Amino acid sequence: MAGIKALVGLSFSGAIGLTFLLLSCVLEQYGIYWPLFVLIFYILSPIPTFISRRLSDDSDSSSNACREIAYFLTTGIVVSAFGLPIVLARNTTIQWGACGLVMTGNAVLFLTIFGFFVVFGGGDDFSWE
C-alpha cells in the first residue's frame, strides 16, 4: 500500500510541476510557447541513469565509471533545463515572469523524478528498471 501512496504523491507533484510549466505558456500576458521545449529535458533526464543501472553491476561498493558518467550527463541535462528559460528571458523571447514559472516547474518536476528514483530504485523484485 505504501507503493501506491508514493505513486499517487509523485503523480500529484508531477501534475503541479506541469501546471507551472503550462501557466508560463498560456497566461495572457506571456502567451508564447517557447518554454515547452523544457519538456525535452524532462524526457532525457532519467535515460542515462536507466542505462547505467542496466549496464552496471551493484556487487561492488566502490565507484562505478558507468554510473559516474550517467550522473554527469544527468547533471548536464538538469542544468540545461534550468538554463534554457534564463537564456530565453535574457533574449527577450519570453518574459521574466514566465521564466520564473518555468523554473518553479523545473524544480518541482526534477524533485518528482528524483523521488521516483528514491522510491522505486531499490533492488527488490518489483522494479521499474
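**View 1. The largest nonpolar core.** Nine residues make up the largest nonpolar core: Leu21, Val38, Phe41, Tyr42, Ile77, Ala81, Val102, Leu109 and Phe110. Helices α2 (39-44), α4 (65-90) and α5 (96-120) each give two or more residues to this core. The most come from α5, which gives three. The model shown here is predicted.

**View 2. Leu109 and its contacts.** Leu109 is one of the residues of the largest nonpolar core. Residues up to four places away in sequence are not counted here. Beyond them, Leu109 touches Gly14, Gly17, Leu18 and Tyr42. Tyr42 is itself a member of the largest core.

View 3. In soluble globular proteins, nonpolar side chains tend to be buried together.

**View 4. The two cysteines Cys66 and Cys99.** Cys99 is buried, with a relative accessible area of 4%. Cys66 has a relative accessible area of 27% and is therefore partly exposed. The count of disulfides comes to zero.

View 5. Trp34, Phe37, Ile40, Ile43, Leu44, Ile47, Ile51 and Leu55 make a nonpolar surface patch. The patch covers about 790 Å². Helices α2 and α3 (47-55) each supply at least two of its residues.

**View 6. Ile40 in the patch.** Ile40 is found in helix α2. Its side chain is one of those that make the nonpolar surface patch. Ile40 counts as partly exposed because its relative accessible area is 45%, between the cut-offs of 20% and 50%.

**View 7. Thr49 in helix α3.** Thr49 lies in helix α3. Is Thr49 buried or exposed? Thr49 is buried, because its relative accessible area of 9% falls under the 20% cut-off. Leaving out residues up to four places away in sequence, Thr49 touches Ala70, Thr74 and Phe117.

**View 8. The whole protein.** The secondary structure comes to five helices and zero strands. Along the sequence, the pattern reads α-α-α-α-α. The protein has 129 residues, and 29% of them count as buried. The accessible surface comes to about 8,200 Å². Carbon and sulfur atoms account for 70% of that surface. Among contacts with a separation of 6 or more, 62% join residues 24 or more positions apart.

Note on methods
Residues are numbered from 1 along each chain as its sequence is written. This is a predicted model: local features need pLDDT of at least 70, side-chain atom pairs count only at pLDDT 80 or more; totals for chains, interfaces and linings use all residues. Side-chain values use heavy atoms; hydrogens and water are left out. A nonpolar core is a set of buried Ala, Val, Leu, Ile, Met, Phe, Trp, Tyr and Cys residues joined through side-chain atoms within 4.5 Å. Buried means under 20% relative accessible area, exposed over 50%, partly exposed in between (1.4 Å probe, protein chains only). Helices (H or I, at least four residues) and strands (E, at least two) are DSSP runs, numbered from the N terminus. Contact means heavy atoms within 4.5 Å. Patches are made of residues with over 30% relative accessible area and no salt bridge: like charges are joined within 9 Å, nonpolar side chains (Val, Leu, Ile, Met, Phe, Trp, Tyr) within 5 Å. Accessible areas come from the Shrake-Rupley method with a 1.4 Å probe; for residues, only the protein chains shown count as cover. A salt bridge is a side-chain nitrogen of Lys or Arg within 4 Å of a carboxyl oxygen of Asp or Glu. A disulfide is a pair of cysteine sulfur atoms within 2.5 Å.
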